[in-house]
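Colleague: Hi! Could you walk me through some of the side-chain packing here?
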Amino acid sequence: MTDLNENQVVSGDGQAGYDDIYRMTVDLNVLDHLGINLYSNIAAVLTEAVANAWDADAENVVISIDPNGDWIEIIDDGIGMNVADMNDKYLRVGYRRREEDAAHGRTTAKGRQVMGRKGLGKLSLFSIADRIDVQSSKDGEAHGLRMSVDGIKESVNRKERHYAPDALPAEEIDVTKGTKIVLRDIKRQRLGRGAAALRKRLARRFSVIGELYDFKIMIDGQPVTTEERGDLPIVQFLWTMGDFEPEPGSIPQVKEHEKLPSRFDGWDEDWNVKGWIGTARKPKQLDSEDTGNLNGIVVFARGRLFHENILDKVNDGRLYTKYLTGQIEADFLDDDDEPDIATSDRQRVQEDDPRYAQLIAFLRSRLSQVERRWTEWRRKHEVQDAQETSPALKEWFDSLPEGFRKSAETLIAKLSALPVDEDDDRKLLYRHGILAFERMRIRGSADEFVESVHDVDKLLSVLADRDALEASLYRDIVKSRLDAIKDFQEIVDEDAKEKVLQQYLFDHLWLLDPAWERATDSQIMESRLATEGVIVDDLTEKEKLGRVDIAYRTNAGKHIIVELKKAGRKMKLLELQEQGQTYVDKLRKILAAQGDASPNIEVIFVVGKPVDEETNNPNRVKSSMEAISPGSRIVHYDSLIAGAQTSYDGYLKKSKELDRLEKIVERL
């Protein structure tokens, strides 16, 4: 019988085999990918060392950097490690403390939530140093070892299955408590910009720094503080979530503060987001040599950085995002009982995880609230500041009709928000913006102009040619409005007026209201109104005698139903009121089915002859129409002509008004 090797067994058919038919082995080359080439900067590397100190229940982490860049020293006063801990936990790549340590896997002896999870962080040290000394003391036992990149590579070349660090000589071991790590043969290109910059970056990587958490970090003798993050002190408007509250008096520059909900209603009970989101007054405050780029929202989990800037993943290109900064904490991203979604370098996450998708949805929802409030607060404060610095601007505001004041304030707020650094350039934007606003106001499209102001390039394209704006303005006047007015003025016969009015009215609603120039119809809504019996083709004889036409239009969120009555038909107030109420009721029914529970509807009857009550009791006519819906009214053929003439006179007078505006903007 053939002798068997020690790993061989005899199978049921008498054939020799192995206890383990298949075996997976891990080559030491994997260290190149998991440590030596995984991390790219000193802040990310030291984050791993500091996180290990936190997990060791350290109260102090002292980091020292050689002025010449020859070494970096990290000392903590945590529980330390004996030789068995060093081999079984620290030197074991992939040690998962949360799953394997029955006593203190998920929380430390002090009750801290453990930060480490993958068991790869210690390899990050090789990203910035080729030689690493580690010494530790526990229960009176002090010991140490030395690792090197060259030593690992030699083991790889010899095809060894493990790497054996060298023991440190006893005379070099001086640690009495906790752990001391010394990095030597530093890769200088990864050292960054010095201790001050490193303090700021580490401050942004941990949310558990300070006396509240009994955890302090020192770099070259200077403490790392939350103030060094540099973001909260430049915030103008602040939104907070959860139990985060800034210390009283710590942010005097914040002009507005609002609390946001910290969770979605359908979330698990222990899912919450806490922290803050803020906006700076100017984008350039978020990016400087001292602070670095702060235009982003940092995500923490279990007290340490989990995602460097989640704002990039929200895909929101609106203007307010250029002013955003913030820090939020979402511990549910790193739940012990759920899969680990952090990448190996712990700088990003697996984006297809449902927890991450929920956080993105939550953030988008809260940012929509932020954007609305930011617009409101921005208009309030920027307009106030602009008026204080420019009396001429205040004079312009005061000269505007009440209905245009809010739009004008929004315009100035948007102009002040554009990333223009020089005061003279901003004043130039104000000048051209005011002139353009006034021209657009003449055309009835000032609001549309204000909405178009999002960035400098778009604005300059609008303002580039003042002559073109003016030419376009008067071309519109001559082409449509003047022709319509002249047609009316030359007609005496009521039937002829009726035909001309029918031709112009529904396509030129500015005859009813100058602000309705941009009104549009909706074929879908027309068909639904027809189904409901509001707009019909087969009229009764009585209806044919009373009605010329009816149309539905929309304008800036307003629903407009216009009914044109025969010029010679004498209408009764009650009849008009009943018809108008029917139109409103049926239109509300249609819109409610589309999710619009409170539509803004106006019904307008255009008649040739006054109803009796207009002579005897005009207030009753007005109240009857308003009872249908606010803004509903009766309009007469001749008053349309007079109103159009008045509007046209307003255009002619604007040439003198522009002369006055020129004098105002010259003073800005």
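Modeller: Happy to; we can go through aromatic rings and then a helix contact.

Modeller: This is a predicted model, so to say: local features need pLDDT of at least 70, side-chain atom pairs count only at pLDDT 80 or more, and totals for chains, interfaces and linings use all residues. Residues are numbered from 1 along each chain as its sequence is written, and side-chain values use heavy atoms, with hydrogens and water left out.

Colleague: How many aromatic pairs are there?

Modeller: The count is 14. Rings of Phe, Tyr and Trp (its six-membered ring) pair if their centres lie within 6.5 Å; planes under 30 degrees apart are stacked, over 60 edge-to-face and the rest tilted. The centres of F264 and F362 are 5.5 Å apart with planes at 70 degrees, so that pair is edge-to-face.

Colleague: Where do F264 and F362 sit in the chain?

Modeller: F264 is in the loop between strand 12 (256–260) and strand 13 (274–280), and F362 is in helix 8, 98 residues apart. Helices (H or I, at least four residues) and strands (E, at least two) are DSSP runs, numbered from the N terminus.

Colleague: Is F362 buried or exposed?

Modeller: Buried, at 0% relative accessibility, while F264 is partly exposed at 23%. Buried means under 20% relative accessible area, exposed over 50%, partly exposed in between (1.4 Å probe, protein chains only).

Colleague: New topic: which residues of helix 8 meet helix 9?

Modeller: V383, A386, Q387 and T389 meet P391, L393, K394 and F397 of helix 9, where contact means heavy atoms within 4.5 Å.
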